Amino acid sequence: MSITAIRGFNDILPEEAELWRRIEEESVNVFASYGFSEIKAPIVERTELFLRSIGETTDIVEKEMYTFLDRNGDSLTLRPEGTAPVVRAYIEHRLYECPVTKLYYAGPMFRYERPQKGRYRQFYQIGAEVLGDASPKADAETLEMLMRLFETIGLKGAVLQINSLGCPGCRPAYKELLYAFLLERKESLCVNCIRRMDTNPLRALDCKNPGCIEATKDAPPIAESLCADCAGHFRAVQSTLGRLGIEASINKRMVRGLDYYTKTTFEITASGLGAQNAVAAGGRYDGLVSGLGGPETPCFGFAMGIERVALLLKENGFLKRRPLSVFIAMGDEAELKGVELLREWRKKGIRIVEDFSEGSLKSRMKRADRIRARYALILGTDELRHGEITVKDMTTAGQERLKWEIVADRISSAEGY
Ligand code: ATP
Ligand code: MG
């Protein structure tokens, strides 16, 4: 019997990997234009980091972490999210000595969840964090950046929902209000929500259980319990988004699955993903840096799920032909000449593979189509005699005969190449 991959852990095959690379490249370009630099933190951290940041009564910590003992007995965890490791590194390397630090990261995250479309146990996130900026403009500008990214990569129908979770000043009063509300409906709640009711009643608003959703339908909205500072911040985020031309709707129930959020939280959803419709999410976490032992540092950040973005782009027909040419030589002499030509064209940056197979031109073209190549370059005896080659555009099926010297320029200047 052959060995297969573990459920929830995916192989990303070449065509998909190419799409991922494009998403990552576009992200990096957009982030760089907003002044973000990359940080690479390890995939494994001390378990304590996640307990203290994400919160002990969250789904992630209670049931989703890949935690194990190292050979020396230390409890380690495969990172379930990227913010806590970035904050740990930020404190450890005293990056707070610079007033505002903008960082992005990309890499795999691990959560023991039920695998399904758009939900895996190893998944890949690209995220960004603004550390040291308390201004609502930081929230709005970062959201604008994310919406810009979705527009750039051609992801259609992204919808931004925002909410405010208040701060340690105003949230306790809201928690009491919500607790009283939940207490009256205790019979309708799931065991998890009942158990977490007095320590973390907000979790009930994030519960996916239909009974809990129904029972909390008319729960008092947190946005109505905000202190003056949080309410002002929330209004300012909305008006700045308005000035930037970004539409946002308020989702009063959105509390998010991590405890470190304060003030603004958000989620961006897109249709076409079924139940797993969130493509990016995040918010403000003004207490996390100090909570982990660093100085008071207001922050805002988000993470975007690559698998879901890739799924959507594929469904939107974004998966264009690869910037790849297939060289098809007809006959031995053409094949020999091809060795020289390919060397020249590759030197000019053209991505090209040889089709060494035998068989009819038709079957060889079929193979080029199967690997989704953009061009087929056909060198037959007549072309060889004239120092030319037939360039067939696999997207349009149009073809032209070109002199060898201009092939590379023509291909590299093609749209989307
Ligand atoms: P969801 O409500 O879908 O579980 P979440 O609130 O747990 O999402 P975050 O922790 O905020 O999500 O992560 C940000 C993004 O990462 C999500 O919007 C989603 O695109 C992606 N993501 C989260 N968990 C998974 C997973 N198990 N598999 C694939 N992508 C995921
Ligand atoms: Mg989740």
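User: At what angle do H2 and H4 pack?

Analyst: In this predicted model, helix H2 (residues 47-54) and helix H4 (residues 83-92) pack at about 105°, with axes 10 Å apart. Axes are lines fitted to C-alpha atoms, for helices over the stretch in contact, and angles run from 0 to 180 degrees between N-to-C directions. H2 and H4 are therefore roughly perpendicular to each other (that label covers 65 to 115 degrees).

User: Which residues of H2 and H4 meet?

Analyst: Leu 49, Phe 50 and Ser 53 of H2 meet Ala 84, Pro 85 and Arg 88 of H4, where contact means heavy atoms within 4.5 Å. By class that's 4 nonpolar, 1 polar and 1 charged (Ala, Val, Leu, Ile, Met, Phe, Trp, Tyr, Cys and Pro count as nonpolar, Asp, Glu, Lys and Arg as charged, the others, Gly among them, as polar).

User: And how do H1 and H12 pack?

Analyst: H1 (residues 14-33) and H12 (residues 306-315) pack at an angle of about 105°, axes 10 Å apart. That makes H1 roughly perpendicular to H12. H1 brings Glu 16, Leu 19, Trp 20 and Ile 23, while H12 contributes residues including Ile 306, Val 309 and Leu 313. The residues of this contact divide into 7 nonpolar, no polar and 3 charged.

User: Switching to the ligand. How many residues surround ligand 1?

Analyst: There are 16 around ligand 1, and the closest are Arg 111, Glu 113, Tyr 120, Arg 256 and Ala 278. Here a residue is near if one of its heavy atoms lies within 4 Å. The shell has 7 nonpolar, 3 polar and 6 charged residues.

User: Which side chains have an N or O atom 2.9 Å from a ligand 1 oxygen?

Analyst: Arg 119 has one at 2.9 Å, and Gln 125 also has one at 2.9 Å. A polar backbone atom of Gly 305 is 3.4 Å from a ligand oxygen.

User: How much of ligand 1 does the protein cover?

Analyst: 91% of the 580 Å² of accessible area that ligand 1 has on its own (Shrake-Rupley method, 1.4 Å probe).

User: Which elements give two or more residues to that shell?

Analyst: Strands E6 (122-131), E10 (278-284) and E11 (299-305) do. The largest share, 4 residues, comes from E10.

Methods:
Residues numbered from 1 in each chain as written. Chains lettered and ligands numbered in written order. Predicted model: local features only at pLDDT ≥ 70, side-chain atom pairs only at ≥ 80, totals over all residues. Heavy atoms only, no water. Polar contact = N/O pair within 3.5 Å; in protein donor to acceptor, adjacent residues only side chain to side chain. Parallel < 35°, antiparallel > 145°, perpendicular 65-115°, else oblique.
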